Amino acid sequence: MTHFFAILYAISTIGFIVACLPQVIQVLKTKNVEGISLQTYDMWFIMQVMSMPYIYQSGDVLWIAANLVWSAYYLIMVILIQHYRYPRYIRAIVDKVVKLLRLVPAHAQSH
């Protein structure tokens, strides 16, 4: 019976990760992370990492593997969110404003 639950856990973990892949694919395709909370993924990643010592000491290879896969997913999402935080057009506008401000003499900016 224990093997049945282990198999069920492995299937559900794989299913959860497969269900998360469309999010990663969408971010990579659209390069848009609007509406995705960085703080949520940060906290999920931190909580997953905090659970690692307990899970590792359990010696349960399946549980350890699931923890590592979830940690990798959360880390990937954090990196993607930070990388694509601002849409490209906003980045382009900010770059142009900065270039314009650099052309304005320092004494003219203070008035």
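**Entry 1: α1 against α3**

I began with the residues where two helices meet: A6, Y9, A10, T13, F16, I17, C20, Q23, V24, V27 and L28 of α1 touch L62, W63, A66, V69, W70, Y73, I76, M77 and L80 of α3. I took contact as heavy atoms within 4.5 Å. For the classes, Ala, Val, Leu, Ile, Met, Phe, Trp, Tyr, Cys and Pro count as nonpolar, Asp, Glu, Lys and Arg as charged, and the others, Gly among them, as polar.

I then looked up the geometry: the axes of α1 and α3 are 11 Å apart and the packing angle is about 10°. The two helices are therefore roughly parallel to each other. The cut-offs are under 35 degrees for roughly parallel, over 145 for roughly antiparallel, 65 to 115 for roughly perpendicular, and oblique for the rest. Axes are lines fitted to C-alpha atoms, for helices over the stretch in contact, and angles run from 0 to 180 degrees between N-to-C directions.

**Entry 2: basis of the model**

I note that this is a predicted model, in which local features need pLDDT of at least 70 and side-chain atom pairs count only at pLDDT 80 or more, while totals for chains, interfaces and linings use all residues. Residues are numbered from 1 along each chain as its sequence is written, and side-chain values use heavy atoms, with hydrogens and water left out.

**Entry 3: the chain as a whole**

I counted five helices and zero strands, in the order α-α-α-α-α along the sequence. Both kinds of element are DSSP runs numbered from the N terminus, helices being H or I with at least four residues and strands E with at least two.

Of the 111 residues, 20% count as buried. Buried means under 20% relative accessible area, exposed means over 50%, and partly exposed lies in between (1.4 Å probe, protein chains only). The chain exposes about 8500 Å², and carbon and sulfur atoms supply 71% of that area. Accessible areas come from the Shrake-Rupley method with a 1.4 Å probe; for residues, only the protein chains shown count as cover.

I also checked contacts between residues at least 6 apart in sequence: 70% of them join residues at least 24 apart.

**Entry 4: V24 in α1**

I went back to V24, which lies in helix α1. V24 is buried, with a relative accessible area of 13%. Leaving aside neighbours within four places in sequence, V24 is in contact with Y73, I76, M77 and L80. V24 and Y73 are 49 residues apart in sequence, and their C-alpha atoms are 8.8 Å apart.

**Entry 5: α2 against α3**

Next I looked at α2 (residues 38-58) and α3 (residues 61-83), which pack at an angle of about 155° with axes 9 Å apart. These helices are therefore roughly antiparallel to each other. Their contact has 19 nonpolar, six polar and one charged residues. The crossing of α2 past α3 is left-handed, a term for the near helix being turned anticlockwise from the far one by less than a right angle, with clockwise giving right-handed.

I looked up N67, found in helix α3. N67 counts as buried, at 3% relative accessibility. Outside four places in sequence, N67 contacts Q48, S51, M52 and I55.

S71 is also placed in helix α3. S71 is buried, with a relative accessible area of 5%. Not counting residues up to four places away in sequence, S71 touches F45, Q48, V49 and M52.

**Entry 6: loops**

K31 is in the loop between α1 (2-30) and α2. I noted a positive phi of about 55° at K31, although this residue is not a glycine. K31 counts as partly exposed, at 32% relative accessibility.

Y84 lies in the loop between α3 and α4 (88-103). Is Y84 buried or exposed? I found Y84 buried, with a relative accessible area of 14%. The C-alpha atoms of Y84 and E34 are separated by 8.9 Å, and the two residues are 50 apart along the chain.
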